[in-house]
Amino acid sequence: MADYIVPAVLQQLGILKFSPKLASTIEASGEICPGTEEEVELRACSIHAVEKMRELISVKSGRQVLSVELDLWLWASGIETESLKHR
């Protein structure tokens, strides 16, 4: 999760909910500095959400899904979403 795309997709899907402060920073295209509590929490929650999605997909489909595959799929769908592109 090298950029903002996967967390943004997870937020659009209703899987992640941002605090009002974080949401306003993101809406204002503000920078979330590396190593800040917000950045670390956002990455950690995104990783946790992808892992939970992977587990659910694996159980429901009976097929093993790799986290990296799901992350790449979320990222690829996100870069195709007009509303997620940098302004």
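Predicted model: local features only at pLDDT ≥ 70, side-chain atom pairs only at ≥ 80, totals over all residues.
Me: How many salt bridges does a search of the whole structure find?

Reply: The search finds four salt bridges.

Me: Which side chain does Glu-38 meet in a salt bridge?

Reply: Glu-38 pairs with Lys-21, at 3.5 Å from N to O. This pair links distant parts of the chain, as Glu-38 belongs to helix 3 and Lys-21 to helix 2, 17 residues apart.

Me: Is Lys-21 buried or exposed?

Reply: Lys-21 counts as exposed, because its relative accessibility of 58% falls in the range over 50%. Glu-38 is partly exposed, with a relative accessible area of 31%.

Me: And Glu-51, what does it form a salt bridge with?

Reply: The partner of Glu-51 is Arg-54, and their closest N and O atoms are 3.1 Å apart. Both residues lie in helix 3, separated by three residues, or about one turn of the helix.

Me: Why does Arg-54 count as buried?

Reply: Arg-54 has a relative accessible area of 16%, and buried means under 20%, so Arg-54 is buried. Glu-51, at 26% relative accessibility, counts as partly exposed.

Me: Where do Lys-52 and Glu-55 lie?

Reply: Lys-52 and Glu-55 are both in helix 3, three residues apart, which is about one turn of the helix. Their side chains meet in a salt bridge, with 3.6 Å from N to O. Lys-52 is partly exposed at a relative accessible area of 43%, and Glu-55 is also partly exposed, at 35% relative accessibility.

Me: Changing topic: how much space lies in the second largest pocket?

Reply: The second largest pocket holds about 300 Å³ of space. Its lining has 16 residues, and the closest to its centre are Ser-19, Leu-22, Glu-38, Glu-41 and Leu-42.

Me: Which elements give two or more residues to that lining?

Reply: They are helix 2 (20-27) and helix 3 (37-61). Helix 3 gives the most, with five residues.

Me: How do the residues of the lining divide into nonpolar, polar and charged?

Reply: The lining of the second largest pocket has seven nonpolar, three polar and six charged residues.

Me: One last topic, the surface. Which residues make the nonpolar patch of about 260 Å²?

Reply: Leu-72, Trp-75 and Ile-79 make that patch. Leu-72 has its place in helix 4, which spans residues 67-79.

Me: Is Leu-72 buried or exposed?

Reply: Leu-72 is exposed, because its relative accessible area of 53% is in the range over 50%.

Notes: Residues numbered from 1 in each chain as written. Heavy atoms only, no water. 1 Å grid on protein atoms, 1.4 Å probe; cavity = no way out; pocket = protein on both sides within 12 Å on 5 of 7 lines; lining within 4 Å. Points joined across faces, edges and corners; volume = space filled by probe spheres on them. Helix = DSSP H or I, 4+ residues; strand = E, 2+ residues; numbered from the N terminus. Nonpolar A, V, L, I, M, F, W, Y, C, P; charged D, E, K, R; others polar. Patch = residues over 30% accessible without salt bridge, like charges linked within 9 Å, V, L, I, M, F, W, Y side chains within 5 Å. Areas by Shrake-Rupley, 256 points an atom, 1.4 Å probe, with all protein chains shown as cover. Buried < 20%, exposed > 50% of the residue type's maximum accessible area, 1.4 Å probe, protein only.
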